[in-house]
Amino acid sequence: MKVSVVIVNYNVRYFLELCLYSVKKALRDIEGEIIVVDNVSKDTSCEMVKDLFPEVVLIENTENVGFSKANNQGVAIAKGEYVLILNPDTVIGESLFDEILSFADQQNDLGALGVRLIDGTGSFLPESKRGLPRPKTSFERMIGSNHSGYYSNYLTKDGIGKVEVLVGAFMLIKRQRYLEVGGFDEDYFMYGEDIDLSYKLTKAGYTNYYYGKSVVIHYKGESTRKDVKYLRHFYGAMNIFYKKHFRYTGLDHFLMKAGIKVLFLIKYMQLSNAPIIVNDTSRILFVGDRDVTSNLQLQKKIIQVPDQELIKLEEYITEYEIEEIWFEEGGLTYKEIINQIGTHRFSKVLFKILPQNTNFLIGSNSMDGRGEVIFLK
């Protein structure tokens, strides 16, 4: 078997469903499997997987064991030469595995491979390619330096090259090498484990690669909401990482702990004082064939165009002052939809995806937003 896709899920039932539809189509001509590890979701995630995706291997944990351990559970039973660690709030294109596996097979020193991640608004996520957060690098980033090296800015977002750290939302690794370095360190409950694994792979003599020719949507903020609990996990994880991999004492130790605490307090205040904003839109462009105007629960003005009119999208946006675009998957492929979202990100419009034969649309209005699920009657 060529590849095993391991997805850890926690209470994102509809995002998981969309993710599984896209992964299933991407694996159509690839010998592969999908493994979902559920960390005691309280929604209907497990029931959905059993009903709609009976071929998916489902592990139902009886307690929330965290991201690291759950992924290790999935990799332990995986049969593929490669494992793809994938977040449930992602959407991948149909040709993704053809693109990345061909490149991965040519790299004898491959550690992990990442791709260009964009959020639901089409904006590039810079954590797709990062430098190692050494104490000095992290401290410079904390004080706002643009030259800290925290992100691998020497590579363009659509470039291909070597990087130190990849993000756990998407990591392709040879299963044997994942096991060789011990997989995700289970001392990390959530966050930091991707930095740790990336570093362990490079210390073992392997090279991590960024492949910016392939694009994946990551509805960042969905599977792990950015709130105070997130902050505690994140900065706690950084403390674990430094203790494991860096030896520093005296002033360095004091500055790092002080820096982490100061940044935690700043972010805490930002989250505590941030207003809850719901962007309501009224002018929708629907690209697809389904009749959505008769059963929509919300009062919106919908202009419908067929898939063949995709080339005129920018004209429609301008002429009708479009605020949001809905793409129906089926006539359009997931790859085409991903490309359209990336192409029109500067048009100040929002995007939603309607998976084929479903009654819900999914999108995200910002990098840190919770995203949105719209149900059709």
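This is a short exchange about how terms apply to a predicted model.

Trainee: What makes up the secondary structure of the protein?
Mentor: The protein has 11 helices and 15 strands. Buried residues account for 56% of its 377 residues.

Trainee: Why is strand 8 called largely enclosed?
Mentor: Buried means under 20% relative accessible area. Four of the five residues of strand 8 (residues 170-174) are buried, so the rest of the structure largely encloses this strand.

Trainee: How do you know that strand 4 and strand 8 pair?
Mentor: Pairing needs at least two bridges. Five bridges join strand 4 (residues 82-86) to strand 8, so the two strands pair. They run antiparallel. Ile85 stands opposite Met171 in strand 8.

Trainee: What makes strand 6 a partner of strand 8?
Mentor: Two bridges join strand 6 (residues 110-118) to strand 8. The cut-off is at least two, so strand 6 pairs with strand 8. This pair is antiparallel. Leu113 stands opposite Leu172 in strand 8.

Trainee: What makes a set of residues a nonpolar core?
Mentor: The members are buried nonpolar residues joined through side-chain atoms within 4.5 Å. The largest such core has 38 residues. Ile7, Leu86, Phe97, Ile100, Leu113, Phe170 and Leu172 touch the most other members. Helix 4 (residues 96-105) gives the largest share of this core, six residues. Apart from it lies another core, of 29 residues, including Tyr219, Ile317, Ile338 and Phe351.

Trainee: Which residues does Leu86 contact, leaving aside neighbours within four places in sequence?
Mentor: Contact means heavy atoms within 4.5 Å. Among the residues in contact with Leu86 are Val5, Val6, Ile7, Val8, Cys19 and Val23. Ile92, Ala169 and Phe170 are in contact with Leu86 too.

Trainee: What makes strand 13 and strand 14 a pair?
Mentor: Two bridges join strand 13 (residues 350-354) to strand 14 (residues 360-363). That meets the cut-off of at least two, so they pair. They run antiparallel. Gly363 in strand 14 is the bridge partner of Lys352.

Note on methods
Residues numbered from 1 in each chain as written. Predicted model: local features only at pLDDT ≥ 70, side-chain atom pairs only at ≥ 80, totals over all residues. Heavy atoms only, no water. Buried < 20%, exposed > 50% of the residue type's maximum accessible area, 1.4 Å probe, protein only.
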